[in-house]
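This report goes through selected features of one protein model.

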Amino acid sequence: MKIRLFIFSLLVSSIAFADDIKQLAPTVVTATRVATDSFDLPLSIDSVTGEDLREGRVGANLSEVAPRIPGVVINWRGGAAQELGISTRGFGARSAFGAKGVRIYQDGIPLTTPDGQGQLGAINLDTLGSVEFLRGPFSVLYGNSSGGVVQAFTRDGAKDPTLSVTAMHGSYATNRDVITAEGQYKQLNYIVSTSQLNTEGYRYHSAFRKDNFNSKLTYEANSDTKLTLLANYIDQPYTNDPIALTPGNFLLNPKQSGSAAIAQNTRLYRYNTYAGVVLDHNISERDSVRFMTYTGHRENLQYLNTNAASAISRDYEGSDFRWTRKDSLFNKPLTYTVGFNYDSMDDMRSRFTATSGQIGPRTRLEHQKAFNIDEFLQISYEPFEQLLLLAGVRNSRMNFSDRDILNSANSGYTIYNNISPVLGLTYKITPRLNLYGNYGKGFETPTFNETTYLNAQAGTGPNLGLSPSKSKNFEVGLKAFVTDNTRVNVALFKTDTKNEIIAFDVNGSQTQYASVANTERTGVELSLDSRLPYNFNFYEAYTYLDAAFKNKIVNATNAILAYDGNRLAGTYRNSSYTELSWKYPAFGFQSSIENIYYGSVNGFDSNTILNTAEAYSLINLKASFRQEISNWKLNEFIRIDNATNKAYVSNVKVNATDNFEPGNNRNYTIGITTSYAFK
């Protein structure tokens, strides 16, 4: 009854839009590839501004802001030896290595390889203008492994030449320093930033250092032609790996390192760099084209706690071309984009014996290659003033090859093909209330990590007989402005997946995967953003997710891995983010209190109670000051995370015996940014 009254009150409302409303509905590009007001789109997408990313935050990675996005989970893993994992509506939650099932981009350059494995670590928050989080059916227009899309955009440099220096210090001997130079010289806009993060880490054996460089140079030849040069570099010269804990060891001491971490000196060396060129050109008032090409290289050497070490040397490259036309059909606005993209990866993967952290003989050497060639079409049409139609289709071809250099018999080649359609409708009931619905079909191929072993016990491979999972995605929702200063978004979703890839057999660090699971994900996402009187602001994001198996799964030895109805490991049924902030503009003062809640999460698909991490709730506090003196700008902040000193599991490693990764205890960070504009 309350819900009906709430909707009725929105229907009868007819107050005109205010400026605050427009600010609460940001312009986004990820969903349509054309700048569009997010309020009108028939899908779920949220954008976080660069100011929100950096204001009163360390700015080290996206796990700091992800809790405020409904349906998205990016948990800090207590160390930097493993890439951050990410899940959207349960996609990617069961990834054993970094990001899987979610596409990641920075400035249009994919940070997800053609096989579907992605990394968030290359995203530089210091220079970002915004990050967009797309969930639901329209994600399928980005191809393989696109249960969701995260796209980061580097901002333009300031109009006046400006030099900024940031220094931060915090708990666990954590220091972060950033230098940014930006400005405009004639037709050239530039922003260049470099940073270094050092920490001893909360847990034993978790110290690491990370260096990062990011740059964007934009040359505007004229009002119709723009050329952008992008470059990014990360280096982790040392990164200790504390290893996840067993549930028992977590209860004894969450700060300790995991099994054999110190004895085997588990650690990582990582290097990643890429560069890209983007050309934007307006052919006419109606037609525009965009061409992007990029290339990159990655080195990764990891010492494990299983008397082994693994190494990857990767070259990757790709191109993307799209043509957009703004037209009309029956005198109604019609916009369509046609394009194609090509991406490739070339890996040399090695495995060695390792004793007490010292590398030994090579036991595996494989040359793995993959590339995709995709074509896509996307259309936006408004046949009536109150109706928006958004549709698209993507054709994907994936080629995988794996050549075992030490044993040519263990080699193979496979091709995957898929067509992903999507359709969405927005019905604009009033200028303040939109109802929408959409449907799409997606797919997810196995990654090279998942094809490594055909038999976990024998250690043989590759397993190129895995089938890609296929999903059907449904979503309905509403977007409303309850008042001039309050926005509400509600989305209900359902996803059915066939042949989902799961861990089928495990032998130490050797895992065999199989395409045997049928799953269902249903849920609700809610967000509320309200600008209250006296400079207060209230923000709430809530997600309910029921992600479950729909069939009984038995492995080769007749062991039951999951029953029909078991929850998918790594997924949270309930999660929420609440923030109350207050600012006093006259003094340049801002402050906020955050509450982050995650429900219990299963570490195993079998849903064993022993490996289920308990729910937790965290309180974070932050405050900052800003001053402007002539050409100088100063910004000081202090924040306290986990103010109540809660012991909690921030992440679970799915289906691993040692699978509890503890979150940090109470900790603080203080920082100052000094900027000088050369006017």
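The text below takes the sheet, then the spaces, then the residues.

The model is predicted, so local features need pLDDT of at least 70 and side-chain atom pairs count only at pLDDT 80 or more, while totals for chains, interfaces and linings use all residues. Residues are numbered from 1 along each chain as its sequence is written, and side-chain values use heavy atoms, with hydrogens and water left out.

An open sheet of mixed pairing is formed by 5 strands in the order 3-10-11-7-8. Strand 3 (44-49) and strand 8 (109-110) stand at the edges with a single partner strand each, so one side of each has no neighbour in the sheet. Strands (E, at least two residues) are DSSP runs numbered from the N terminus, and two of them pair if DSSP finds at least two bridges between them. Strand 7 (residues 103-106) and strand 11 (residues 148-154) run parallel and are joined by 4 bridges. Within strand 11, A152 is the bridge partner of Q106.

**Pockets and cavities**

Rolling a probe the size of a water molecule over the atoms shows where empty space is left. On a 1 Å grid over the protein atoms alone, a cavity is a set of points where a 1.4 Å probe fits but cannot get out; a pocket is an open set with protein on both sides within 12 Å along at least five of seven lines, and lining residues have an atom within 4 Å of a point. Grid points are joined across faces, edges and corners, and a volume is the space filled by probe spheres set on the points.

The structure holds 11 cavities of 30 Å³ or more.

| Second largest pocket | about 1200 Å³ | F153, K226, V278, D280 and R290 |

The pocket in the table is lined by 48 residues, and its lining has 11 nonpolar, 19 polar and 18 charged residues.

**Two residues**

K441 is in strand 24 (residues 433-444) and counts as partly exposed at 36% relative accessibility. S581, in strand 31 (residues 574-584), counts as buried at 17%. Buried means under 20% relative accessible area, exposed over 50%, and partly exposed in between (1.4 Å probe, protein chains only).

Contact means heavy atoms within 4.5 Å. Not counting residues up to four places away in sequence, K441 touches V140, S420, P421, S471, K472 and N473, and S581 touches N535, F536, N537, S591 and S592.

Terms used: Nonpolar A, V, L, I, M, F, W, Y, C, P; charged D, E, K, R; others polar.
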